[in-house]
Amino acid sequence: MAQFKHLNELNNFLSMDGENAKGPVPRWQRKLNLSGASTSFNTSALANTSARQTLSVSLSSNANNTLQLSTTANSLKTPRKNGTKGTASSAKKSSQTPSNKGAGSNGNAQSQLGGGDRFIPSRTATDFDLGHYIVKQGTGSNEEGETGGNTENEEGAVGGGGVTNVPVSPKQGERMKSLSEAMRGCDISKQRLLAFRMKVPAPPEGHVNPLKAIYSVKTPMSAKSGSRYIPNAPERILDAPEIMNDYYLNLMDWSTDNVIAVALGASVYLWNAATGTIEMLFENEGNDHTCSLSWIHEGHILAVGTSSGTVELWDCENMKRLRVMNGHSARVGVLAWNSYVLCSGSRDGTIVNHDVRTRQHNIGVLQGHTQEVCGLKWSPDGKYLASGGNDNLVHVWSAANGAPHATGEPLHVFNQHQAAIRALAWCPWQPNVLTSGGGTADRTIKFWNVANGHLMNSVDTKSQVCGLLFSKTYKELISAHGYVNNQLSIWKYPSMMKQVDLMGHTGRVLQIAMSPDGSTVMSAGADETLRLWNCFAPDPLLAKKEKSAIREKPSLLKQSLR
């Protein structure tokens with residue numbers, strides 16, 4: 001008996017088609033065990049297993065010792081990429097397997113769909129209250145549809161006077177829909193029960209992120225416009241106590257000698273940007289105060305407009321007053337030089353041309369504005385004078401027969417602005433292009449062609465425009481603004497694409513002035529600070545390329561030597 005037992009064990013060991021009970025568990029059996037565990041975990045999948053026909057594997061010891069496959073409804077199919085090929089090959093191998101074309105079509109549909117076989121919803125993005133309401137609303141409507149007819153029949157059989165379901169009118173349906181949307185803040189019909197991804201909500205309008213300079217993509221610590229570097233932090237901050245917060249006054253100017261004049265309270269101070277020294281030029285007496293300041297283009301003469309309607313000339317090198325010129329009945333809020341002619345704009349609506357060389361200084365009065373004149377600018381070629389007023393008008397005056405003063409009627413009157421125009425600037429490389437900026441009710445920057453009087457472009461800045469300056473180094477424009485952000489904006493000209501916003505002032509920017517070399521802009525704010533922005537510094541890489549492009553011409557002596 002022992003030898004027969006030994007022969008049976010040897011035959012079982014050498015047989016390849018029998019069941020190996022001592023070896024590792026086959027892969028197909030592990031798959032079946034895993035599928036059985038998953039079905040016990042996911043109970044929702046059991047409800048749909050009747051629609052799916054999956055494969056169950058069983059071993060039978062028939063004459064050929066073959067593997068038998070059968071379709072059952074209680075086991076799950078092993079996921080495959082090519083489901084149709086697997087079912088077709090199994091049908092060819094065994095004639096006992098029933099051919100099911102529907103299963104093959106389902107396999108094709110599953111193979112065409114990309115991604116996994118399930119989605120994991122996000123709890124943080126899902127509104128469970130709204131989902132519960134939608135589910136209850138759906139089940140309630142289904143129950144009413146199923147039981148409504150029976151209820152009516154029963155009530156009719158009893159007495160015929162029972163209460164029936166009254167259909168909702170379209171008007172009431174719209175009202176209920178609007179109320180539900182107002183309560184939930186969204187359209188319920190477009191909401192899902194489960195959310196699979198969550199989008200970051202947008203910030204409220206007008207919100208300023210304090211970490212924007214660090215983490216924002218649009219304005220990093222060093223914003224680059226094209227190929228140049230623009231620092232968006234001020235190079236230096238100076239205190240300006242008691243500076244008057246008046247939109248119509250011009251209380252700061254930068255001379256060609258690199259000296260800044262600023263009116264603080266009743267006094268006028270001079271700050272040398274090269275040495276850093278500060279001197280007080282003069283102090284007004286009584287209730288008088290300074291309303292406007294303007295340096296002569298070449299020299300150390302400073303023009304001062306006062307609240308009493310006079311214009312004074314001061315020699316800032318010797319610190320003494322040269323003369324006092326009359327001509328206005330109200331305060332002088334703006335001044336503009338053109339060679340030896342000084343133009344002054346007043347609250348009385350007039351513009352007076354002063355020839356500072358002669359005793360009879362008043363050489364012409366321009367009358368066109370009906371309210372205070374708050375903006376004056378001569379064109380770079382000296383042919384046109386632009387004036388802006390509180391009457392929302394821009395006037396363009398032409399020079400009289402080559403003289404450095406304007407006479408007669410205005411050449412153009414532009415009335416497209418909806419607020420006072422204080423900010424005026426002429427394009428340095430296009431002398432016939434004038435730029436004007438409107439106040440709080442307008443908030444636009446407009447470009448005019450004074451040669452034909454046409455409006456070239458208009459840009460909405462979303463805030464009050466207090467000042468405009470063209471860059472001397474780049475084809476760019478800087479604008480000073482008030483409410484809401486109190487920022488300085490740099491624009492690409494002529495596309496007017498915004499390059500960067502220079503933030504820092506907590507009050508509106510009253511005025512801006514540019515350094516003689518055109519690299520630095522100083523802004524005076526209602527927060528009683530003066531800020532220096534090095535926003536137009538020449539690009540060192542570009543300067544290096546230009547320097548390397550200019551080569552010295554080799555001498556004839558070096559050419560002859562070999």
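## Second largest pocket

In this predicted model, the second largest pocket is lined by 43 residues, of which Asp253, His297, Lys377, Trp378 and Leu469 lie nearest its centre. The elements that contribute two or more residues to this lining are β6 (252–254), β10 (290–295), β14 (332–338), β18 (373–378), β22 (421–426), β26 (465–470) and β30 (509–514). Strands are DSSP runs (E, at least two residues) and helices are DSSP runs of H or I with at least four residues, numbered from the N terminus. A pocket is an open set of points on a 1 Å grid over the protein atoms alone, with protein on both sides within 12 Å along at least five of seven lines; a lining residue has an atom within 4 Å of a point.

The volume of the second largest pocket is about 1,300 Å³, where a volume is the space filled by probe spheres set on the grid points, which are joined across faces, edges and corners. By class, the lining of this pocket comprises 26 nonpolar, 13 polar and four charged residues. Ala, Val, Leu, Ile, Met, Phe, Trp, Tyr, Cys and Pro count as nonpolar, Asp, Glu, Lys and Arg as charged, and the others, Gly among them, as polar. Domain 1 (249–415) and domain 2 (420–547) each supply at least three residues to the lining of the second largest pocket; the domain bounds come from an automatic or database domain assignment.

## Basis of the model

Residues are numbered from 1 along each chain as its sequence is written. The model is predicted, with pLDDT of at least 70 needed for local features and 80 or more for side-chain atom pairs, while totals for chains, interfaces and linings use all residues; side-chain values use heavy atoms, with hydrogens and water left out.

## Largest cavity

One cavity of 30 Å³ or more is counted, a cavity being a set of grid points where a 1.4 Å probe fits but cannot get out. The largest cavity has a volume of about 50 Å³. Its lining consists of Ile243, Met244, Asp246, Leu249, Leu251, Met252, Leu510, Gln511 and Ala524, that is, seven nonpolar, one polar and one charged residues. At least three residues of the lining of the largest cavity come from each of domain 1 (249–415) and domain 2 (420–547).

## Antiparallel sheets

Strands β6-β7-β8-β9, in that order, form an open four-stranded sheet with antiparallel pairing; two strands pair if DSSP finds at least two bridges between them. The edge strands are β6 and β9 (278–283), each pairing on one side only. Neighbouring strands of this sheet are turned by 20° against each other on average, direction ignored; axes are lines fitted to C-alpha atoms, and angles run from 0 to 180 degrees between N-to-C directions. Six bridges link β7 (residues 259–264) and β8 (residues 267–272), and alanine 261 has leucine 270 in β8 as its bridge partner.

A further open sheet of four strands has the order β10-β11-β12-β13, also with antiparallel pairing. Here β10 and β13 (320–325) are the edge strands, and the twist averages 25° from one strand to the next. Strand β12 (residues 311–315) is joined to β13 by five bridges; valine 311 stands opposite methionine 325 in β13.

## Annotated repeats and loop geometry

Residues 292–324 are 0% helix and 61% strand, with end C-alpha atoms 14 Å apart. For residues 502–534 the content is 0% helix and 52% strand, and the end C-alpha atoms lie 11 Å apart.

Tyrosine 493 and proline 494 are joined by a cis peptide bond with omega of about 10°. Proline 494 is located in the loop between β28 (488–492) and β29 (497–502). Serine 339, although not a glycine, has a positive phi of about 60° and lies in the loop between β14 and β15 (341–346).
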